[in-house]
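Let's walk through this one together, a step at a time. Have a look at the picture, and then we'll start with the place where the chains meet.

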Amino acid sequence: MTDELRLHIRHHTGFIYEGFAKSSYNEARMTPLSLPTQDVEQTKLTVRPAVPLFTYTDYFGTHVTAFDIGEVHGQLEVESSTTIRSRAAAIEGDLTWSDLATVGFIDRMNEYLLPTRRSTVPADVLADVAPWRNNGELHDVVDHVSAFVRSRVKYVPGATTVTSTAIEALERGQGVCQDITHITLGLLRSLGIPARYVSGYLYPKRDPQIGETIQGQSHAWVEYFAGAWTGIDPTNGVRHTARHILVGRGRDYGDVSPLKGIYHGPKSKGGGVVVEITRLA
Amino acid sequence: MVVHFESDVSGAWNEMFSAPGVARPMYQGLLGDLTSLDMVELGLRAEQLSRTFIDRGVTFAHSGEERPFPLDLVPRIIGALEWDHLSRGIAQRVRALEAFLADVYGAGRIFTDGLMPRSVVTSSPHFCRPAIGVVPPNGVRIAVAGIDLIRDEHGNFCVLEDNIRIPSGVSYVIENRRAMTQTFSSLFSNHRVLPVDSYPAKLLAALVAAAPAKAASPTVVVLSPGVHNAAYFEHVLLARMMGVELVEGRDLVCRANHVYMRTTSGERAVHVIYRRVDDDWLDPLQFRPNSVIGVAGLVNAARAGNVTISNGLGNGVADDKLVYTYVPDFIRYYLGETPMLDNITTYRLEEAEACAEVLAHPEDYVIKPVDGSGGKGIVIGPHASAEELAAIRVAVAASPRNWIAQRPVALSTHPTFVNDKVSPRHIDLRPFAVSDGNDVWVLPGGLTRVALGEGELIVNSSRGGGSKDTWVLSEELVTAPLLTGEVTQAPMDSAPPQQNDEFIGLDEEQQ
């Protein structure tokens with residue numbers, strides 16, 4: 001596989017209301033970051049109906065686009081369009097288990113070590129991985145945890161909803177990338193390994209063809225800290241690759257949801273999310 | 001029958017008497033005035049006072065019921081010199097808390113310098129991540145503070161807690177004074193009492209000073225959760241006295257990061273919101289999506305610099321009871337000053353040694369949840385049953401971060417008219433500070449809350465507490481040593497606190 005990919009990503013979210021909506025307030029977290037592993041060449045976010053957009057960077061460093069639509073509208077469309085160059089991240093960091101146990105480290109990493117509502121894993125499942133603590137090289141243990149989660153939860157699109165928790169997915173034995181990520185976060189944190197939720201995109205084919213546009217997906221994976229933040233994708237059982245495009249990070253899904261908003265009006269009857277990714281070079 | 005003052009046998013500091021029948025210097029005039037009355041007349045005055053309150057609608061809502069907040073007719077007096085010290089100590093504390101908030105929502109210098117673990121903040125439910133990047137135009141996040149003080153057995157004022165989110169109670173200070181001057185005007189003719197009616201003007205000036213720079217003639221509003229809020233009376237009073245609109249969430253609308261008030265003559269831009277709505281309910285886009293008392297988009301309007309939310313977002317990170325233990329350090333670290341007011345001796349239970357000691361002897365401590373309010377969850381060790389002690393051991397061991405332990409302190413007492421007698425009752429003091437970015441002004445006096453039950457310690461409106469008009473004298477009437485460190489204690493005060501003494505348990509259901 002190529003070392004570097006040049007990609008164009010179109011992420012379209014639409015709502016078609018059963019009637020009309022108004023007083024709609026929203027925040028989109030759909031703009032990829034510039035990072036050592038990815039250079040954003042061009043990025044643009046458009047909203048229809050057209051309204052003023054306000055951008056800021058949030059606590060976790062994610063680019064946020066906020067907007068409100070006061071007037072009545074039958075549908076809402078948000079589209080993010082980005083051209084980006086992406087490279088796989090190296091596995092970095094040589095911290096040991098005793099480094100993770102120091103008071104200063106635990107204090108500094110506190111919010112990536114505490115369970116959240118979505119990432120809380122039941123005690124009996126934590127007990128299964130507990131023996132791995134202080135046992136083996138950190139990066140290897142992370143791989144074991146990732147494989148363990150895949151053995152417990154089968155990737156089944158549609159098995160869970162956007163509001164599902166790690167506990168629900170474990171009970172079901174099925175879930176999507178969001179659930180698998182939440183479970184992995186809960187387990188890594190229980191071992192004392194700081195871990196954060198990553199929201200982004202995945203180019204789905206292992207061997208991308210130039211010029212071909214294919215349906216991608218909004219994706220979630222994990223970054224853990226063993227001296228540097230390092231990505232691992234437990235859903236696919238791989239490390240971070242050039243096909244992973246990062247948009248935002250947080251403690252769990254709640255900090256990075258691609259579009260959150262509230263409005264007055266009837267519920268949405270359609271629209272949905274489309275992610276299209278084209279390899280440019 | 002002349003007015004008789006019952007003696008105090010509790011071992012607590014008596015605010016009025018240094019020995020039975022011997023009034024402290026600043027109380028001598030008042031004692032003379034009161035003892036010239038008889039009990040029947042005192043009873044009549046008390047009745048008159050409570051009628052005044054009911055007529056004016058000075059009430060608080062408790063369990064869905066409107067009740068008057070009883071005003072006791074024996075005022076509490078603080079001498080000029082002592083007040084000078086207290087008010088400077090309060091202002092100092094507010095300046096330090098302000099600096100801490102700027103640091104928490106800014107560079108985090110105190111963490112990198114190692115004075116405080118970062119996790120104290122990142123584990124706090126009040127650490128407001130959406131507040132990162134919301135910069136107060138004049139640097140003020142604490143426009144209004146209520147700093148709760150108690151006086152210990154030795155006569156020292158100590159800080160019990162800081163309230164820098166939505167401190168309430170100032171309306172009682174204003175109304176108490178109004179009622180007392182009407183009912184008992186003769187008392188005021190013999191004393192020079194500092195006025196309290198400048199509070200609304202000071203608050204308005206501070207709010208105007210906090211407006212975004214681009215607002216040439218800023219519009220200020222008071223945002224209330226509505227008529228069902230316990231402090232609704234106060235919201236109405238402050239809005240009226242400041243001459244600004246009282247609004248609820250549904251009266252405001254955000255558009256493209258500007259905030260407008262709906263009025264009968266159309267929309268009007270709003271620049272400063274003195275909000276009496278908690279963070280959690282303030283903006284359904286950022287916090288609870290089901291809040292119907294907030295204003296969607298408000299946080300981003302503040303982030304864009306078009307409106308000021310006052311008090312600031314996320315102030316709660318600085319007034320939980322664990323952070324309280326660090327405030328003297330803040331004063332030294334940020335201000336380079338020596339704290340003028342002491343904390344009550346408090347132990348952080350996340351520190352292993354303190355935790356072990358408290359787990360071994362919970363009966364010796366007052367144990368409080370760091371995030372509790374309304375006196376909820378407080379265990380007063382010396383009064384607790386074996387079951388309560390066992391339960392608190394389990395709770396503390398499970399999450400030490402959520403608890404602190406304090407040395408039991410007997411609150412000072414003050415003669416109070418209860419059941420046709422004047423008897424000692426426990427009191428505390430909540431002074432109010434207003435900050436405009438240049439100066440922290442402290443309203444002379446503050447709200448003295450009194451526990452009306454004999455020996456009762458919970459000085460809280462929702463627990464049947466009352467209040468006292470609180471006088472700060474503009475000058476000392478008699479040249480006398482300061483109260484603090486006074487050595488002429490008679491038996492009444494010199495008795496050591498009894499094992500069965502009362503302990504602090506002050507708290508409010510709402511700030």
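In this predicted model, 15 residues of chain A are in contact with 20 residues of chain B (contact: C-beta atoms, placed from the backbone, lie within 7 Å). On chain A, at least two residues of that side come from each of β1 (4-31), β3 (54-57), β4 (63-69) and α2 (103-108). Helices (H or I, at least four residues) and strands (E, at least two) are DSSP runs, numbered from the N terminus. The side of chain A that touches chain B has eight nonpolar, two polar and five charged residues; Ala, Val, Leu, Ile, Met, Phe, Trp, Tyr, Cys and Pro count as nonpolar, Asp, Glu, Lys and Arg as charged, and the others, Gly among them, as polar.

A quick note on bookkeeping: residues are numbered from 1 along each chain as its sequence is written, while chains are lettered from A and ligands numbered from 1 in the order in which they are written. Because the model is predicted, local features need pLDDT of at least 70 and side-chain atom pairs count only at pLDDT 80 or more, but totals for chains, interfaces and linings use all residues.

Now step back to chain A, with its six helices and 15 strands. Its C-alpha atoms fill a box of roughly 60 × 40 × 35 Å along the principal axes.

Over in chain B, four strands make an open sheet, ordered β16-β19-β17-β18, with antiparallel pairing (strands pair if DSSP finds at least two bridges between them). β16 (346-348) and β18 (379-380) of chain B are the edges, each pairing on one side only. Zoom in, and I367(B) stands opposite V379(B) in β18(B).

Notes. Contact = placed C-beta atoms within 7 Å.
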